Amino acid sequence: MKLSLNTQIFFGALLGLAFGIILGHTAFPPHTRSSFLFGFDLLGKIFIDLLKMVLIPLVFTSITAGIANLKNSSESNRIWPTLIFYSFTTTALAAITGLLAMNFIKAGAGIDVHLFKDKMDAFAVHSMTFSNFGLSAISHINILTVVLLAVFCGIAIALSGQRSQGILKLINQLFEIIMTLVGWIMRLAPLGIMGLLAKLIAQSNASLLYDLSKYILVVVGTTLFHGTVTLPAILWLITKTSPWNFFLAMKEAFITAFSTSSSTATLPVSLRCVTENLGIDKNIARFVLPVGAVLNMDGTAMYESMAALFVANLCGVHLTLLSQVLVMLTAMMASIGAPGIPSAGMVTMIMVLQSVGLPAQAVAILIAIDRPLDTIRTVVNVEGDCIGACVVQKIVSY
Ligand code: ASP
């Protein structure tokens, strides 16, 4: 009996969780433990690196062809505003929900901040102003440059009409070839995902997770709320797509996002799921998903606003309504500036803390528990982009 790729990925994830728990809780001799960890790490790295290998040509050909293929200019004129409006609204909703939940539950209050003194002392903060935030974001995200170049090339090809049909055909064919490569890489997904999850679970710091369990539960609960209530409601209201069918169609992409914690590495998989399983127009998906993966991150905006309030509670600082609005706005900006790679949100988190005068050293506490939390927010980031593609398709086709 041959198992489908989806089932293999599912079993890979389960095995990864089981190996991680065994490795984390069994007293193996240190060298046996480190050999296992090395093996799991290697499997995960090969998988992620292969996805990254195709990322830049994929983003370029996908966006350029996506824009250039949209012959109908009223269609392309509607895509931009719809995408921007959708991203802004859902990101703002995510940040506001996060702030409301933290105001309600007040996680962090009453925990002795001195517990984390060593971590905070060891953390060197490079203060981050708005201007050097912009610079660092741009230099870190080569991919943003690729997105811009692709957008301009797509527009140029569309404007030059018949004269550029040759190059457009070539770019379309290149895109198909890269998607074939993605199909091959995905055959390694069960092993890669097993390795990534086993390492993640084995290396989690259980006692720290326990100390901060209230905070972790609020973050996980609120992120899941956004992913299973708010976003699906938007999907249903605008496109009348059943959320259940949507989740079934996207599960390969969501498991990849969960285990890689990288929305850009997941991009090839989400492109495939959205076009093949949901029937979204190829040109819309090719444009909306890569742009969304770089700029639209609901999970990250939500997490950063919650984390800022957590740090304030931890330090016993009361944030006024105005400060919380500032937190929301900087968290939204920070989510745009964060590249879609593991724990990227922690870099831009410094800016959010500094915007309301909270100690940036507190990032040291957040980093210590970030990897498990990053898994879920990355899934929500990817989900937001995929729902964005459905919404844009619906509005554009009116
Ligand atoms: N890991 C997230 C992503 O790739 C970014 C973040 O750290 O929030 O979408």
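1. Cysteines. In this predicted model, the sulfur of C273 has its closest cysteine sulfur in C386, 7.5 Å away, which is too far for a bond. A disulfide needs the two sulfur atoms within 2.5 Å. C273 is buried, at 2% relative accessible area. C390 is in no disulfide either. Its nearest cysteine sulfur is that of C386, 7.4 Å away. C390 also counts as buried, with 5% relative accessibility. The disulfide count is zero.

2. Aromatic pairs. The whole structure holds ten aromatic pairs. Take F246 and F247: their ring centres are 5.7 Å apart and their planes stand at 70°, so this pair is edge-to-face. The cut-off for that label is over 60 degrees. How exposed are the two residues? F246 is buried, with a relative accessible area of 1%. F247 reaches 25% and counts as partly exposed.

3. Phenylalanine cluster. Ring pairs also join F19, F28, F36 and F40. Together these residues form a cluster.

4. Charge over a ring. Look at W236 and K240. The charged end of K240 sits over the W236 ring, 4.6 Å from the ring centre.

5. Nonpolar surface. Which residues make the nonpolar surface patch? They are L3, F10, F11, L14 and L17, and the patch covers about 420 Å². One of them, L14, lies in helix α1, which spans residues 5–25. L14 is partly exposed, at 41% relative accessible area. Patch residues must have over 30%, so L14 clears that cut-off.

Notes: Residues are numbered from 1 along each chain as its sequence is written. This is a predicted model: local features need pLDDT of at least 70, side-chain atom pairs count only at pLDDT 80 or more; totals for chains, interfaces and linings use all residues. Side-chain values use heavy atoms; hydrogens and water are left out. Patches are made of residues with over 30% relative accessible area and no salt bridge: like charges are joined within 9 Å, nonpolar side chains (Val, Leu, Ile, Met, Phe, Trp, Tyr) within 5 Å. Accessible areas come from the Shrake-Rupley method with a 1.4 Å probe; for residues, only the protein chains shown count as cover. A salt bridge is a side-chain nitrogen of Lys or Arg within 4 Å of a carboxyl oxygen of Asp or Glu. Helices (H or I, at least four residues) and strands (E, at least two) are DSSP runs, numbered from the N terminus. Buried means under 20% relative accessible area, exposed over 50%, partly exposed in between (1.4 Å probe, protein chains only). Rings of Phe, Tyr and Trp (its six-membered ring) pair if their centres lie within 6.5 Å; planes under 30 degrees apart count as stacked, over 60 as edge-to-face and the rest as tilted. A charge sits over a ring if NZ of Lys or CZ of Arg is within 6 Å of the ring centre and within 35 degrees of the ring normal.
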